[in-house]
Each structure stands twice: as structure tokens, then as C-alpha cells.
Amino acid sequence: MVTAATLRYMFSIKAGFPTRWVAKTPAGFRIDAEFHTTQPEYGISVAPEEYWNAWGGSVKVWLTASPQCLRDWKARFTDIVQQRAIDNLATPLSGVPAADRAQLAQEAQGAGFGALLRELRKYVREKELDCPAWLGLEGRIVSGVDWALLRADGVIEFDGQWVLTDGELDDKSAVLINARTSGSVDLCKEGGPRPLTLDHAGAMVRAIDANAETGIALAVKFEAPQEPEPWASKKYTRRKGQLTYVRLSRGQFVAIGKLNAFGKSGAKVDLGVYQVKG
Amino acid sequence: MAGPAARKPANIVEQHPARRSTFVDRTLLYLFSYDVEVERDAQTVGFFPGGVRFNMLAHRNKSRAYNVMRDRTVAGVGVPAISGELDWGTDWSYWREDDIEFSHVRMTITTDEGDTIYGSYPAVVYLGLGGFRRLVSEKDKIGTEDKPVVARFVTTPRFQTSSAPYLWLNDLQCVGFGRLQLIRSEFRRISYDVYGLT
């Protein structure tokens, strides 16, 4: 039996995507969607509670085995409240797993958890430490194109290529990560009317209310950089902390979330990215 | 005991049609050409198991599709010739350690009349003996501004459009004969002649 615990939270993506209806083919409407995070409310971020629930245990184990890291992390804060919070976060869990999860969720609700975590991630990246736990990803979509196909039965097939960065768009030292997305999304409601022709499907999709939400699930395959060869040109040499993301190249991931509209005027997605543990 | 000949069905000759002694008919129909100026700022992901990954983007205002002969129609068929701008194009490339590049190209042409044509294709390019190491290495850069190195390659594009004058493109399997210019180990300009296989 597959349980929810087999999905491990990695990071979240909020993005807008203006669309262009490129071609009508017998297979469906070919729609070009360009995902972007140029607006302030969009970006790649980490949901603290969900992150800590998935990875808090691993981070605690790592910090327990690496007291120097814990000291360095604490030293980055002068506020005694934040230092105490770090001590709490580093305290190993005990008891049954269910209790652990409840405790983790409680810890992540503490004030400033996001800032504490961000500082730990920065520290690990700067020092290029071999941290066994995933520390999240925060950044932007550099380019995100999806050549979607709207079929006559009201289903959209996604086939995308995204490039993610862990910095801002103009940050030349930031790490780039390729992501290939694919999946089918049924735009019709369960048991509701379904289009009979392609034109009908097109009209139906264009008429979707901008506030209407549809569930979306995509398979995602990442290509994150690994250790470069010592003889390689500077262009291909390691960017600070890039090995933090190697984990993304070594697993199968899914992006699950909500899609708002798909009209000509553009739309947005709110996705959580999870590793699928077999 | 029966030998191999005895096990062979008696009607084996009748099971195979007679082999042809001529090729099937085929024609290369010239459709259009395009030149892509590659953005200097490639999206370099870096080393990936087996090679190097990077993405090249077409320079939006400097990449064009056109008819080499300046014809207004495709010769011999009479359909409108294609002329316009490549307003979007990306090439997800993977230089493999065995000196072979694997690419996945996607592009959009906006014709001079404002119609949209979508194209996609894989490309396989032989980088030459030791090409991977020379391209990725700091030393021995390939090509100079005065003397760019030109590599040849072949692609198999497919195009899709809903524009009435260009619907004929949807039916064609195409082949593109390309040349790419390398300057200081970077792709700078890529040119194609695209033919329909008929």
C-alpha cells in the first residue's frame, strides 16, 4: 500500500504563466505557456512547517553529529531568542514517529523559523558542507516553457522544460537546475460536462473563470550540477554550494498543487515539489 | 536424425516477398532556411553524469527564417514560402564525454504575416575526436573570430501550425541540414536548410 509518507516535501513554486495558442492540430490545441516568477509574489520558496516535518529529523541527526555546525549556525544570530530556538531545533527527537511529527510541526510554527532555516542553508552553501539532509531551495524560474496540448476531451497534456536558479534572475553566480515536467490534467469537473469537439474544448478552456482552481500533478525530473572536472573551463566550474542540490538529480519527483485558469490572459500555478520515495 | 535442412519449412521461399532491386521514390523538397544567432549568455547547468549540460537560446531580434532563393512560393508546389522571425527558440544540449552532442530544440517562428509556426526536433552532432574535452577545457579553445570552426549536422524537425496558408507543414517529416559556427569553443551562429521528405 502506498501512503502519503512516501512523498517527501522539497520546496514550493508559485509562478505566473501567460499562454499563447500556437496551433490547432488533429491531436489538439498546441498551447505555449511561459512560466515566470518576475512578480514579487511569485518565486521558489520553502514552506517552513512542511519542510521541517519532512526533513527536521534528518537535520537534527546531522546537527547532533556535527556540533561545530550547530555552534556556527547559532553564532550567526545575536538574538538570544533565536539562539534558544536553534537549541530546540537541534534537540534530538525521541518517542514514536507520530509524536515526532507533531513535535516537528510545532517547532516549525515558532516565530522566525524560516529565517533560521535560510541562515542554515546559507551556512552550508558557503562552507560547502556535506549535509545529508535536504535544506530546501529558494530562488526564481529563469525560464519555464511548457508546450501543452489541449485535447478534445478537455484534458491538457503538459510537456515542459524549466530552468530554476537558487538566486535572483541577474545573479551570475547562482546555480542553475534543469527541470523537465510532464503530466495530464483534466480540466473538466468529475461527472460534469465534457467537450465533444476540439473547438468546444478550446472555447470551454478560454471561458474558465480566472478564479477557478484546478488540481494539477506533474512528474518532474531534475538535472542539477555535480562535481566538475578540475581541467574544465571556468564556465563549467563549481558555483558556490551547487552540490547542495545534487540530490535533485538522483530521484523521482512530483509537483502537486493548484492551477488557476488557462485563458489567453495568463494564469498562475502554486505547486509543492515532493520526492517520491519508493 | 534430421539435419537443419530437414527442419526448415518446405515453403520458406514463399514466405518472403521477392527482394527489390530499386530504391523507393523519395524527394527532398526545399522549404526554407533559418539562421540563429545564439545568445552569448548560455544557461550553463554544468557537469552532469556522462557529460555537460547547458541550454542555448536564440537571439530574439537576430534570428530569421527565409527563402534562400527569395521565392514567394515553395518551388514546384505553389504554397507560400516561409519568411519571418524566430521569436523564441531554445536548445537543451548535452555534450557527452564520447564527443557527441545530443540536443532537444524547440522554436517558434512568427511569419511576416503574423502567423505562428511551432517546431521541435532532436539533434545529434559529432564534436570531433577529443571534441568534448576541447570544448569544455580552459585550454585549446576551438575557433576564433577570424576563423570560426564550422561543424556539420543533420536534424529531423517537425512543424505544427493552425495558420491556413501553412497547414501543409503539419503533414511533413522534414530534414534540416545544419552548419554551426564555433568561436572560442562557444556556439555563435547556427544555419539550417529545411527540406520536406516526400
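Arg184(B) is exposed in this predicted model, because 12 other C-beta atoms lie within 10 Å, and a residue with 12 or fewer counts as exposed. The place of Arg184(B) is in the loop between strand 10 (173–183) and strand 11 (186–197) of chain B. Its phi is near 50°, a positive value in a residue other than glycine. Most residues other than glycine have a negative phi.

- Glu128(A) counts as partly exposed because it has 13 C-beta neighbours inside 10 Å.

**Where the chains touch**
- In the contact between the chains, 23 residues of chain B meet 27 residues of chain A.
- On the side of chain B that touches chain A, at least two residues each come from strand 2 (43–48), strand 3 (51–57), strand 5 (84–96), strand 6 (100–111) and strand 7 (116–126) of chain B, and the largest share, six residues, comes from strand 2.
- The residues on this side of chain B comprise eight nonpolar, twelve polar and three charged.

**The largest nonpolar core**
- The largest nonpolar core has 107 residues, of which Ile177(A) and Val273(A) touch the most other members.
- Helix 1 (residues 48–65) of chain A supplies the largest share of this core, seven residues, while domain 1 (4–43 + 142–276) and domain 2 (48–127) of chain A each contribute at least three.
- Leaving aside neighbours within four places in sequence, the contacts of Ile177(A) include Leu164(A), Phe222(A) and Val45(B).

Technical notes. Residues numbered from 1 in each chain as written. Chains lettered and ligands numbered in written order. Predicted model: local features only at pLDDT ≥ 70, side-chain atom pairs only at ≥ 80, totals over all residues. Contact = placed C-beta atoms within 7 Å. Helix = DSSP H or I, 4+ residues; strand = E, 2+ residues; numbered from the N terminus. Nonpolar A, V, L, I, M, F, W, Y, C, P; charged D, E, K, R; others polar. Core = buried A, V, L, I, M, F, W, Y, C linked by C-beta atoms within 7 Å. Buried ≥ 20, exposed ≤ 12 C-beta atoms within 10 Å, placed from the backbone. Domains from an automatic or database assignment.
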